[in-house]
Amino acid sequence: PSCRNDARGFRAKLLKDTNRWKSGRITKLEDSAATEAAIKSKIRSKAAALVSGDVFVYFHSSHGGQYSGLNTYLCTYASDFTDAELGQELARFRTGVKIFVVIDACHSAGMFKDGKGADWPFAENVTRAFQQAKVKSGVSKSADLEKLTGYMAFITACDYNQTSWAGDPYSLYVNYLLKACATSSADNAPRNGYLSFWEAHAFAKPRASQQNPNQTAQSRNATLLKRTTMVKMGA
């Protein structure tokens, strides 16, 4: 149940600023509606509509795992959503669209590892698939590929070799993300009346680890996370 509540809470509390997040542009899929095909379809519709300067947020709360070797996945309803498939879907967005992936799932931070000794380099698989898809679409210069992946940022509930606690009503990490938007001290880098992705993560990470020392939230592309706001404090 906490996975369903995570999605509802993220929508209601972190994306509540209607000036920034228009309700008609937000899609929430739960339970049997959250199939792999449905998720891909919604991502593709967003990719077709968004242009440079727009922001796309993908939030996912579920189980996560590994097939073998370096092949990882997130669970959707009745099927798996692999790292390569996620990368291919993200590659559909135009250059300049800022992409934020927020995941609460076991082993989710494999996406932040460099593949040198890490067992779950999810991000490398995602980025590789992203780049390969872009090459196929005609973007072949390495500088262009580097620029494209620079528009992507990630935050996850735990490290690649850790599990992520569920809870009631929310999962452990997401619970603190949601509390951040109602805590004035979370707005501190800089204090401007708005909560950035980075500030929400910085608030939630130590608090989740204090409650569960074996769960350490992770992030990638701090620069983009710091520059992008989620909600106006007190809105």
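Over the face of which residue does Arg20 lie? Arg20 lies over the face of Trp21, at 4.9 Å from the ring centre.

## Basis of the model

This is a predicted model, in which local features need pLDDT of at least 70 and side-chain atom pairs count only at pLDDT 80 or more, while totals for chains, interfaces and linings use all residues. Residues are numbered from 1 along each chain as its sequence is written, and side-chain values use heavy atoms, with hydrogens and water left out.

## Overall make-up

The protein has eight helices and nine strands. Helices (H or I, at least four residues) and strands (E, at least two) are DSSP runs, numbered from the N terminus. Of the 235 residues, 50% are buried; buried means under 20% relative accessible area, exposed over 50%, and partly exposed in between (1.4 Å probe, protein chains only). Contact means heavy atoms within 4.5 Å. Among contacts between residues at least 6 apart in sequence, 72% join residues at least 24 apart.

Helix H3 is largely enclosed by the rest of the structure, because six of its eight residues are buried. These buried residues are Asp83, Glu85, Leu86, Gly87, Glu89 and Leu90.

## Aromatic pairs

The whole structure holds three aromatic pairs. Rings of Phe, Tyr and Trp (its six-membered ring) pair if their centres lie within 6.5 Å; planes under 30 degrees apart count as stacked, over 60 as edge-to-face and the rest as tilted. One of the pairs, Phe10 with Phe59, is stacked, at 4.3 Å centre to centre and 10° between the planes. Phe10 lies in helix H1 (residues 2-14) and Phe59 in strand E1 (residues 55-61), so the pair ties together parts that are 49 residues apart in sequence. Phe10 is buried, at 3% relative accessible area, and Phe59 is buried at 17%.

Phe56 and Phe93 form a tilted pair, because their ring centres are 4.5 Å apart and their planes stand at 35°. Phe56 is in strand E1 and Phe93 in the loop between helix H3 (83-90) and strand E5 (98-104), and the pair thus links distant parts of the chain, 37 residues apart. Phe56 is buried at 8% relative accessibility, and Phe93 is buried at 2%.

## Charges over rings

A charge sits over a ring if NZ of Lys or CZ of Arg is within 6 Å of the ring centre and within 35 degrees of the ring normal. Besides Arg20 over Trp21, the charged end of Arg207 sits over the ring of Phe203, 3.7 Å from its centre.

## Helix packing

Two packed helices are described by the angle between their axes and the distance between the axes. Axes are lines fitted to C-alpha atoms, for helices over the stretch in contact, and angles run from 0 to 180 degrees between N-to-C directions. Angles under 35 degrees count as roughly parallel, over 145 as roughly antiparallel, 65 to 115 as roughly perpendicular and the rest as oblique. A crossing is left-handed if the near helix is turned anticlockwise from the far one by less than a right angle, and right-handed if clockwise.

The axes of H6 (residues 172-180) and H7 (residues 197-211) come within 8 Å and cross at roughly 135°, which means that H6 is oblique to H7. Their crossing is right-handed. Residues making the contact include Leu172, Tyr176 and Leu177 of H6, and Phe203, Ala204 and Arg207 of H7. H1 and H6 pack at about 15° with axes 10 Å apart, and are therefore roughly parallel. H1 passes H6 in a left-handed crossing. Here Asp6, Gly9, Phe10, Lys13 and Leu14 of H1 meet Val174, Leu177 and Leu178 of H6.

## Loop residues

Asn212 is in the loop between H7 and strand E8 (218-220) and is buried at 4% relative accessibility. Not counting residues up to four places away in sequence, Asn212 touches Trp165 and Leu172. Arg191, in the loop between H6 and strand E7 (194-196), is exposed at 57% relative accessible area.

Most residues other than glycine have a negative phi, and most peptide bonds are trans. The peptide bond from Asp168 to Pro169 is cis, with omega near 10°; Pro169 is in the loop between strand E6 (152-156) and H6. Asp31 has a positive phi, near 50°, and is partly exposed at 41% relative accessibility. Ala78 has a positive phi of about 70° and is exposed at 75%.
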